[in-house]
Amino acid sequence: MNRSSRQLWEAPWGYSESFLFSVGLMGIGFVLEFLTGTSPGQMVFPVNAIAGGVFIVAVLLLHFLFGQTTWLKWLSGIPASVSAIVTLTFLVLLMGITPQVASQEEGWMAMLGLNRMTSTWPFLLISLYLLLILGLVTVRRLFFFRLKNWGFVCSHLGLWIAIWAGGLGAGDLVRLKMNLTENKTEWRAYDDKGKLYELPLAIHLKDFRIEEFHPKLAVVENSTGELYEKTQPSMIMIEEGMECELHDWNVEIVNFLESSGRFGNRYHQLNDFGAVPSARIRVKDQQGMELEGWISCGSFNMQHESLKLDDQHSLVMTVPEPKRFSSEVVVFTPSGKKAEVILEVNKPFTMDGWKIYQLSYDEKMGKYSQFSIVELVRDPWQPLVYLGIFMMIIGAIHIFWIGKRKGELSL
């Protein structure tokens, strides 16, 4: 039986041509990355806003002038959409399995941009390709709109807005760090390269506070100072009066002081700058030998103290881990705005488009730190990205609900 088969690149194009086109576009991107040795620069306002407007006009012109051509019907069809999404997903997977740390070292990964995927030519070309496809699909549905298809239009338009705004806004994203000192006001911040910027807002640090967990008991090897982990658990949090088994020893907490200082042959309660946690420990080994003594993790002005268990091992107290740390600050601007807030990790404060995050502190000083590091982020395109995501969610819910109702009606 004679069977006629369509030749490759013979209209109408299908999945084979679509995947060849998208993979070829990605390959062109990698060639550009390799030959130029540089990534495409990021646009900043107002250039990115103008470029975004030109892109929208281009999509509309393509639809109205060439909407009935074979190649544009292919470009706004399912095979092209699927191939673009699969290719972009492949790049995202590459980004997930390769360290995204831009370095000055020579190597094929750096030459192809695999260590900074989101700022490379292949990622840009495939993203623009997908954005063009989504734009054409959305415009076609908008100009032949039916009420029952509003969920499809909403989800696709939302995805288009999220990608469009996220890509254009990358150049306007500002992420800076500011070092704050108690009872001082700061208005300068620095980027990852250490460059200083004067900001249109100032922050006064009134107080920096840390709440800590109790320190832990651990056994270390005398020769190396490394943690001894023969059995589990390897560390146990200290509590007043507790008794536990730690590796080959029975440990009893005779006395525990959260804030103390050493006077003579023992520690006493002391609420002073630089005071340390300490504990009087009673230890028995498997042969019934008993030891007793004080241990402490020390601080910036007090030495740590350990209890030698035998020639190979010693019992130590670990440095307390922070449970919660926060900065009590006053934020104000030249226009007269002023706000007294408490900054905590993952609880940012927003003023004049700047998000202020609690980031870090002077870890050497611990709970006595009078130094706080905050992060300031400004992303003027973020509301548009959130709008796009919200539209995607609403559209997906509508599509799911319509599909569920049709399924119920068909039963």
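This is a predicted model: local features need pLDDT of at least 70, side-chain atom pairs count only at pLDDT 80 or more; totals for chains, interfaces and linings use all residues.
Okay, let's start on helix α2, where Asn48, Gly52, Phe55, Val59 and His63 are buried, meaning under 20% relative accessible area, with exposed being over 50% and partly exposed in between, using a 1.4 Å probe and protein chains only. Those residues cover an arc of only 65° around the axis, which puts them on the same side of α2; the arc is taken from the directions from the helix axis to the C-beta atoms. An α-helix has 3.6 residues a turn, so residues three or four places apart point the same way.

Residues are numbered from 1 along each chain as its sequence is written, and side-chain values use heavy atoms, without hydrogens or water.

So what covers the buried residues of α2? The cover includes α3 (70-75), α6 (121-143) and α7 (150-169). Helices here are DSSP runs of H or I, at least four residues, and strands are E runs of at least two, numbered from the N terminus.

Now the largest nonpolar core, with 36 residues: Leu75, Leu91, Tyr129, Ile133, Trp160 and Trp164 touch the most other members. A core here is a set of buried Ala, Val, Leu, Ile, Met, Phe, Trp, Tyr and Cys residues joined through side-chain atoms within 4.5 Å. α6 gives the most to this core, twelve residues.

Last one: leaving out residues up to four places away in sequence, Trp164 touches Gly52, Ile56, Leu131, Trp381 and Leu384, with contact meaning heavy atoms within 4.5 Å.
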